Amino acid sequence: MTAPRRDPDAGPDALPPLHLAIGADRAGQAYKDALGEHLRNHPLVATVLNVGAHLRSEGTYPQIAEEAARHVAEATVDRALLICHTGLGVAIAANKVPGVRAVTAHDSLSVRASVLSNNAQVLTFGAGIIGLALAKQLAEEWLAHRFDPTASAARKVQMIHDLERTGRIIPPPVP
C-alpha cells in the first residue's frame, strides 16, 4: 500500500491512518506488547496486526520478521514494526523478503530518513538499546512520515528496487 503524499501545511489529522503489523522475539516481547497497545490508540493507526503470536514460546526472530515482512510485501498492511534485542536481526531477516526495505533506527533523524529518503516500510527497534519511552516517541514520529513518490529520493529507491530484482542497478535514461 502506498500512502499519499503529505501536505506539509496539513496537520497529522490530514494523513490517512496506517495498517500496521507488529512482532517481536522473546527479547522484544514486553516492548511489542506496550507499543502495540500504544499504537492501537493512535489516530494515525487504523489496525495493528499481531504477528508471531502463535510462536510466542518457540518463535525465532527470523520467523517473526519474515511473517511481518510478507504482510508488507503482499500489501495486507502498510508497514511493520519489529523488535528484538538490538533490532538488527529482525531488520536483516525482513530485508530478505523481496520488495521490503527494513531499517533499524534509534533516533528521530534515522526514523525520518528511513521513510522520506528510503521508503522503508519496516522499522525495527532494539529493546536492549533504547528505552520504552523513546521507542514510543519514535514510533509516533514514524507514523507521521510519508514517502513522496515524486521526490528526488524516489529515483534512488527505484535503483534499490532494480538491484533487488535484477542483481544490478539499471541506470536511468540519459536526458
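**Close-ups of a predicted model**

**View 1. The largest nonpolar core.** In this predicted model, the largest nonpolar core has 30 residues, and the ones that touch the most other members are Leu35, Leu39, Leu81, Ile83, Phe125, Trp142 and Leu143. Helix 5 hands over the largest share, six residues.

**View 2. Leu35 and its contacts.** Leaving out residues up to four places away in sequence, Leu35 touches Ile22, Leu81, Ile83, Phe125, Leu132, Ala135, Lys136 and Ala139. There's also a second, separate core of 19 residues, with Ala68, Val90, Ala102 and Val122 among them.

**View 3. Strand 3, covered on both faces.** Check out strand 3: six of its six residues are buried. Arg79, Leu81 and Ile83 sit on one side, while Ala80, Leu82 and Cys84 sit on the other. Strand 3 runs parallel to strand 1, and five bridges join the two; here Leu20 has Arg79 as its bridge partner. Five bridges also join strand 3 to strand 5, again running parallel, and Leu82 stands opposite Thr124 in strand 5.

**View 4. Helix 6 and what follows.** Helix 6 covers residues 153-166, and its 14 residues reach 20 Å from first C-alpha to last, close to the 20 Å expected. Its buried residues are Ala153, Ala154, Val157 and Asp162, and these pack against helix 4 (108-116). Just after helix 6 comes Gly167, which takes a positive phi of about 85°.

How values were computed: Residues numbered from 1 in each chain as written. Predicted model: local features only at pLDDT ≥ 70, side-chain atom pairs only at ≥ 80, totals over all residues. Heavy atoms only, no water. Helix = DSSP H or I, 4+ residues; strand = E, 2+ residues; numbered from the N terminus. Expected span 1.5 Å × (residues − 1). Buried < 20%, exposed > 50% of the residue type's maximum accessible area, 1.4 Å probe, protein only. Contact = heavy atoms within 4.5 Å. Core = buried A, V, L, I, M, F, W, Y, C linked by side-chain atoms within 4.5 Å. Pairing = 2+ DSSP bridges.
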